[in-house]
Structures are given as structure tokens and as C-alpha cells.
Amino acid sequence: MTQTPTTYTGVPDRIAPSIDVRILGTGGYVPDRIVTNDEVGTPAEVDDEWITRKTAIRERRWAAPDQATSDLATAAAHAAMQSAGITPAQLSVIAVATSTPDRPQPPTAAYVQRNLGASGTAAFDVNAVCSGTVFALSAVGSVILRRGGYALVIGADTYSRILNPTDRRTVVLFGDGAGAMVLGTTPHGPLVRHVALHTFGDLSHLIEVPAGGSRTPLTHNNLDTGQQYFTMNGREVRSFVVEQLPQLIKEFLHEAGVEPTDIHHIIPHQANGVMLDSMTQDLAMPNATMHRTLTHYGNTGAASIPITLDTAARTGAFQPGQLILLAGFGGGMATSFALIEWH
């Protein structure tokens with residue numbers, strides 16, 4: 001890599017301890033449209049064999065023309081609230097983690113609040129790219145501890161809207177979707193035992209959408225040159241994940257007071273299956289099952305962790321007392337970890 005992030009050394013004030021909230025329900029949603037490797041690969045001049053070998057992704061879902069991120073988020077929210085057995089009127093706060101909002105303003109969470117009929121809730125967006133859902137989880141914990149009620153945390157992205165169809169480094173990876181969690185302070189349900197959040201801003205150039213913000217407003221010129229599209233330095237992102245993430249996870253578990261052998265399940269960001277294989281070789285978690293949804297859904301951005309958590313939960317993968325590690329990483333570069341004790 002051209003720049004190496006500062007190695008994390010487990011400084012205690014960078015760790016948020018248990019926020020005394022529990023996950024009361026989960027939900028997920030992916031659009032109906034299935035996009036095969038052949039369909040996405042043809043404009044990028046790659047085939048199904050190349051995409052599968054490089055990413056382990058075989059297909060993904062893309063939103064319909066009339067669907068926006070808030071629509072996906074709303075569908076996942078309904079599923080999570082049904083799972084938790086609550087109504088929109090019981091919500092205190094809604095946080096939507098997304099880097100593909102409906103519009104630059106207002107926050108996508110405002111549209112979700114409107115769609116749900118959850119008037120009176122605080123509603124805001126969090127943009128930590130693919131790490132965003134755990135960032136949002138950490139943020140809403142303090143809100144419901146003060147205000148009571150329940151929190152709705154949603155990770156939702158519609159990356160199909162910002163992909164360059166000829167860029168094989170990115171267009172083959174991403175799908176659209178949303179995942180959601182209902183959080184509360186009741187004495188029952190899976191406990192959020194520990195959370196850690198990090199950002200390595202010196203590496204913020206590795207993942208970008210160059211134009212469309214205050215630094216580089218959209219113009220005819222930068223539209224013509226494709227600066228409105230998502231870009232990624234895949235080689236250096238992979239180096240960051242493979243070289244840095246295992247150590248960050250080990251430090252996180254140490255601060256949480258558990259051993260790698262105590263972990264039963266890993267829910268990682270679903271970035272690239274081949275990259276996850278490389279990363280997990282250094283984790284030393286022989287008792288852990290790594291859960292994946294990327295084979296059929298691709299990389300769904302901030303939605304990938306909650307979609308994968310919901311999928312595993314609904315198939316009965318978790319047993320009481322088991323420990324689940326959520327591990328996010330993405331643009332910024334940002335990483336986020338949460339330790340869940342299942343009940």
C-alpha cells in the first residue's frame with residue numbers, strides 16, 4: 001500500500017463498552033430483480049467465471065426504477081418491527097445508515113419516518129459507508145437509554161444507481177438491499193455487549209464518489225467524465241482489510257474480555273468472498289461460523305451486515321449464550337465491530 005494506517009493498539013477511550021440495549025427483532029429486504037454475472041459482466045467485458053473466481057458472487061439484486069433507498073429501508077423496517085412485535089408509535093428514534101441517500105437533503109430517515117407513520121421520532125442518517133450500521137447502532141443506544149421506547153436501526157443502500165457499468169472493479173460487486181434491527185432496553189433478547197468504531201481518514205481516498213458534493217459540485221464536464229460514479233482502489237482496500245482487520249478484531253475482543261475461541265458466529269461486511277477467505281485465515285476463530293449472503297446478494301453496502309444477521313437469525317443459526325461478532329469495514333476508511341450475546 002502507498003499509505004499504511006496507524007496500527008491500532010487498543011486505547012481504551014476508543015472503545016464503547018456495553019450500551020445495555022438488546023436486539024429485539026431483525027428484518028431484511030432485497031429487490032425482486034435478479035442481476036446475473038453474465039448481465040453485469042458483459043458491459044464490463046468480463047464473464048461469469050472471472051467474476052465468481054475473483055469475488056465468489058454469482059448474482060445480486062438491483063432496485064426497480066421506481067425504488068429508492070428509503071423504499072428498501074421501509075420494507076426492512078416493517079419486517080424488523082413485526083419480528084420485534086412493536087408498532088411505529090413505540091419508536092423513539094430511527095437511524096438510517098446509508099451512503100446512497102434518496103437525495104442530498106433531507107435525510108433518508110425522514111422519508112422512512114413518513115412512510116412508517118412514526119411521527120414524533122427523532123430520525124437521522126449515518127454515513128460511514130459499509131461500516132455504517134454498527135455506527136448507527138452505537139449512536140441510538142444512548143438515545144433510547146435517555147428517552148426510552150425503541151430504536152430502529154436500518155442499513156440501506158442502492159449502489160446500482162452510482163455504478164459505472166464499464167468498470168469491472170466495482171460494477172460486479174454491488175447489489176441493493178436493506179436490513180434493520182429494533183433495539184430496546186428490555187431485560188430479554190440478544191445483548192449488545194461491546195462496540196468499537198474507528199476511522200482512518202488518511203485512507204479516505206481509497207473509496208470515493210468524486211463529484212456531487214460541496215468540494216466538486218456536479219457539472220456537465222464532470223458528468224461527461226464519469227465523476228458521479230463510485231470508485232475504489234480495490235488492491236489497496238484489500239490490503240487494508242487483510243493486513244489490518246484481523247489485528248483490530250483481536251484488540252476489540254481483548255477489550256471486550258473474550259477470547260477468539262469464544263466466538264461462535266461472524267457476521268462480516270459482505271464485500272468480496274475471496275477477500276473474506278484471506279482475512280479469516282488470520283483470525284484464529286476455530287469455533288466460529290462465518291455467515292455469508294454475498295453469493296446471491298453481492299455487496300449491499302451498509303445493508304450487508306443486518307441482512308446477513310437477519311438471514312442467519314431466521315434460519316435458527318444462533319443458540320442461547322452464543323457470541324456473535326459483527327465486523328464492518330468500508331469507505332473512510334472506517335471499521336466497526338459489535339459483540340452480541342444471543343438470548
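Searching the whole structure, a predicted model, turns up six aromatic pairs (rings of Phe, Tyr and Trp, the last taken by its six-membered ring, pair if their centres lie within 6.5 Å; planes under 30 degrees apart count as stacked, over 60 as edge-to-face and the rest as tilted). For Y159 and F174, the ring centres are 4.6 Å apart and the planes sit at 15°, so this pair is stacked. The two residues come from distant parts of the chain, 15 residues apart, and both lie in the loop between β7 (150-158) and β8 (176-184). Y159 is buried, at a relative accessible area of 2%, and F174 is buried with 2% as well (buried means under 20% relative accessible area, exposed over 50%, partly exposed in between, with a 1.4 Å probe and protein chains only). Together with F230, Y159 and F174 make up one aromatic cluster.

A word on the ground rules: residues are numbered from 1 along each chain as its sequence is written. Local features need pLDDT of at least 70, side-chain atom pairs count only at pLDDT 80 or more, totals for chains, interfaces and linings use all residues, and side-chain values use heavy atoms, leaving out hydrogens and water.

Now to helix α5, which covers residues 132-147 (helices are DSSP runs of H or I with at least four residues, strands are runs of E with at least two, and both are numbered from the N terminus). From first C-alpha to last, the 16 residues of α5 reach 23 Å, close to the 22 Å expected (1.5 Å times one less than the number of residues). Just past the end of α5, G148 adopts a positive phi of about 75°.

Strand β4 (residues 59-62) is covered on both faces, with E59 and R61 buried on one side and R60 and W62 buried on the other. In a regular strand, side chains alternate between the two faces of the sheet. The antiparallel partner here is β3 (residues 33-36), joined to β4 by four bridges (pairing takes at least two bridges found by DSSP). Across from W62 in β4 stands R33.

Finally, R193 sits in strand β9, which spans residues 191-199. Its relative accessibility is 25%, so R193 counts as partly exposed. The R193 side chain makes a polar contact of 3.1 Å with the side chain of E341 (a pair of N or O atoms within 3.5 Å; within protein, one must be able to donate a hydrogen and the other to accept it, and residues adjacent in sequence count only if both atoms are side-chain atoms). R193 and L323, 130 residues apart in sequence, have their C-alpha atoms 9.4 Å apart in space.
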